Amino acid sequence: MTLLAAGSVALAAAGDRLVAEPPARLHPVAWLGRALGPLDRPWHHPRLAGAVTALVVPLLAAAAVAGVVALAGRIDPLVGAAVAGLALFVSTSRRLLVDEARAVVAASESDLPSARRRLRSLAGREATTLSAAEVRSAAVESAAENLSDGLVAPLAGFALLAPLSLPAAAAAAAWVKAVNTLDSTFGYRSVPMGWAPARLDDTVMLLPARASAVVLAVAAGRPGALRRARPLARRPASPNAGWPMATLAAALDVRLTKPGAYDIPAGDALPTPADATRGVAFVSRAGWLVFGATAGVVALC
């Protein structure tokens, strides 16, 4: 079982490297996002609606994935492992994140309006007035934060339940991804039902965010960045996002900022193109370290 689980992780990593992500029309996470649309409406009891949504939607996603993997495993254990690997592949993201961040950084030098437009795929902020350096800062921040949300957390869920069964492990990754998708969809102060999804995501991401900070420090070869990041991690309002962002800022010796929201002064200046390119490379390297560590852990359990 453990070797099959490690094979599932390897398949997910191969899919990330070769495909990045399935087309939106075939992506289960995109299906979930569209299915959630009708829930964004006025409710008589919005907090209750949000709590029910936060409880039910991730469980339904997890149950669906567990059922498919279990059925595939009855055909043949290798088929089950392959399906679990595909489920893990669609629950994680590394290459698309890195590619988009690199594209934004490159465009910030030559075509600032294009860089601002492309930034929307990474960061949910108004970008029309951002300077080139502020666009690069946003790209670096988002790459660090999304490493935690989009890769470390689902892989941690998979590794946690892999010793139990492949269906359970794949279900755990799907559950984490659904929680994160709910937060991305509803977890805003302007959305009355968003309180429960946001709090659930904060709880789920507590350990993965800090683990991401450790991996980023290792990937950058700057273990001291963790010590420097500790007081800076509290600058963003999120209890979790500041950890990977501050660690990457410290590893690069740069300042990262979201105008009007927070400032992470791990250096005197905002990222240059070279700084930002290096930061995205650290995120990419950290992603591979996480894939490798997950495969190793599940193989030994």
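Good morning. I begin with Arg255, a residue that is partly exposed in this predicted model, with a relative accessible area of 28%. Its side chain joins that of Asp263 in a salt bridge, with 2.6 Å from N to O. Asp263 is likewise partly exposed, at 23% relative accessibility.

Why do such pairs form? Side chains of opposite charge can pair when their charged atoms come close. In this model, the count comes to 9 salt bridges, and I shall present some of them.

Let us turn to helix α5, which covers residues 95-110. Here Asp99 and Arg95 form a salt bridge through their side chains, at 3.2 Å from N to O. The two residues stand 4 residues apart in the helix, so about one helical turn separates them. Asp99 has a relative accessibility of 32% and counts as partly exposed; Arg95, at 25%, is partly exposed as well.

A further salt bridge involves Glu100 and Arg118, whose side chains meet at 2.9 Å, N to O.

Is Glu100 buried or exposed? Its relative accessible area is 17%, and because the limit for buried is under 20%, Glu100 counts as buried.

Finally, I draw your attention to a network of salt bridges, in which Arg222, Arg228 and Asp253 are linked. Thank you for your attention.

Methods:
Residues are numbered from 1 along each chain as its sequence is written. This is a predicted model: local features need pLDDT of at least 70, side-chain atom pairs count only at pLDDT 80 or more; totals for chains, interfaces and linings use all residues. Side-chain values use heavy atoms; hydrogens and water are left out. A salt bridge is a side-chain nitrogen of Lys or Arg within 4 Å of a carboxyl oxygen of Asp or Glu. Buried means under 20% relative accessible area, exposed over 50%, partly exposed in between (1.4 Å probe, protein chains only).
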